[in-house]
Amino acid sequence: MKALIHNQTVIDTAAEEFPVAPELTWADCPDDCVPGWQYQNGAYIPPALRAIDPAASLAAYRYQQENAGVMHDGRRLQTHRDARADWIGVYIQASVNPSYTVQWKTMDGTFTDFNAEEAKTAALAVQAHVQKCFLAEAAVLAYADTLTTAEQVTTAFDTEFASL
């Protein structure tokens with residue numbers, strides 16, 4: 001099992017590594033490792049064994065979700081900051097040139113062709129996903145001081161995110 005790590009926090013697990021943003025790293029992990037665990041000095045620490053700062057935990061989880069990608073028309077699109085900048089360019093090109101097409105590499109490594117309308121819709125889906133993450137964080141932040149575990153923080157975020 002592999003853990004995807006950002007700022008010493010496990011943000012995802014997978015059987016195999018896949019391409020990620022430069023600020024993320026992969027490391028071998030135990031089979032019971034889940035997002036929210038800390039990775040410090042080569043050791044994994046479950047959330048229950050550490051005190052949390054709810055606002056910081058919430059911000060880290062929002063960042064994880066913000067960069068986890070979004071499903072759009074059956075394709076998982078990257079949503080990290082570099083990809084979002086690229087999507088802005090694609091949106092501009094597609095807006096000024098109705099015959100514009102672009103070939104885009106999705107998160108599973110396959111290349112997909114988008115016509116101008118599909119490209120604009122995909123760019124808007126990426127931006128909408130990011131905005132939804134920030135809206136969910138803002139909603140949870142209003143009561144974050146009542147949360148005492150990382151699991152409570154992630155559950156609250158996921159609940160708010162799903163309600164948007």
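**Figure 1. Helix α2 supplies the largest share of a nonpolar surface patch.** In this predicted model, four residues of the nonpolar patch come from helix α2, which covers residues 81-96. The patch members are Ile88, Tyr91, Ile92, Val96 and Leu124. Together they present about 490 Å² of accessible area on the surface. Val96 is one of the residues in helix α2. Val96 counts as exposed because its relative accessibility is 65%, and the cut-off for exposed is over 50%.

**Figure 2. A network of salt bridges links five residues.** The linked residues are Arg62, Glu66, Arg81, Arg84 and Glu137. Within this view, the side chains of Glu66 and Arg84 meet in a salt bridge, at 3.0 Å from N to O. Glu66 belongs to helix α1 and Arg84 to helix α2, so the pair ties together parts that are 18 residues apart in sequence. Are the two partners buried or exposed? Glu66 has 0% relative accessibility and therefore counts as buried. Arg84, at 15%, counts as buried too. The cut-off for buried is under 20% relative accessible area.

Figure 3. Helix α1 spans residues 54-66. Helix α3 spans residues 116-141. The packing angle between α1 and α3 is about 165°, and their axes lie 9 Å apart. The pair is therefore roughly antiparallel, as angles over 145 degrees fall in that class. The crossing of α1 and α3 is right-handed.

**Figure 4. Helices α1 and α4 pack at an oblique angle.** Helix α4 runs over residues 150-163. It packs with α1 at an angle of about 50°, with the axes 9 Å apart. The two helices are therefore oblique to each other. Here α1 passes α4 in a right-handed crossing.

**Figure 5. Gln64 sits in helix α1.** Gln64 is placed in this helix. With 8% relative accessibility, Gln64 counts as buried.

**Figure 6. Lys2 and Glu17 form a salt bridge.** The closest N and O atoms of Lys2 and Glu17 are 3.5 Å apart. The pair links distant parts of the chain, 15 residues apart. Lys2 lies in strand β1, residues 2-6. Glu17 lies in the loop between β2 (9-14) and β3 (25-28). At 46% relative accessibility, Glu17 counts as partly exposed.

**Figure 7. Glu117 and Lys120 pair within helix α3.** Their salt bridge brings the closest N and O atoms to 3.0 Å. Glu117 and Lys120 are separated by about one helical turn because they stand three residues apart in helix α3. Lys120 has 18% relative accessibility and so counts as buried.

**Figure 8. The chain as a whole gives context for the close-ups.** The chain has four helices and nine strands. Along the sequence, their order is β-β-β-β-β-α-β-β-α-β-β-α-α. The C-alpha trace spans about 55 × 35 × 20 Å along its principal axes. Of the 164 residues, 43% count as buried. Seven salt bridges are found in the structure.

Conventions: Residues are numbered from 1 along each chain as its sequence is written. This is a predicted model: local features need pLDDT of at least 70, side-chain atom pairs count only at pLDDT 80 or more; totals for chains, interfaces and linings use all residues. Side-chain values use heavy atoms; hydrogens and water are left out. Patches are made of residues with over 30% relative accessible area and no salt bridge: like charges are joined within 9 Å, nonpolar side chains (Val, Leu, Ile, Met, Phe, Trp, Tyr) within 5 Å. Accessible areas come from the Shrake-Rupley method with a 1.4 Å probe; for residues, only the protein chains shown count as cover. A salt bridge is a side-chain nitrogen of Lys or Arg within 4 Å of a carboxyl oxygen of Asp or Glu. Buried means under 20% relative accessible area, exposed over 50%, partly exposed in between (1.4 Å probe, protein chains only). Axes are lines fitted to C-alpha atoms, for helices over the stretch in contact, and angles run from 0 to 180 degrees between N-to-C directions. Angles under 35 degrees count as roughly parallel, over 145 as roughly antiparallel, 65 to 115 as roughly perpendicular and the rest as oblique. A crossing is left-handed if the near helix is turned anticlockwise from the far one by less than a right angle, and right-handed if clockwise.
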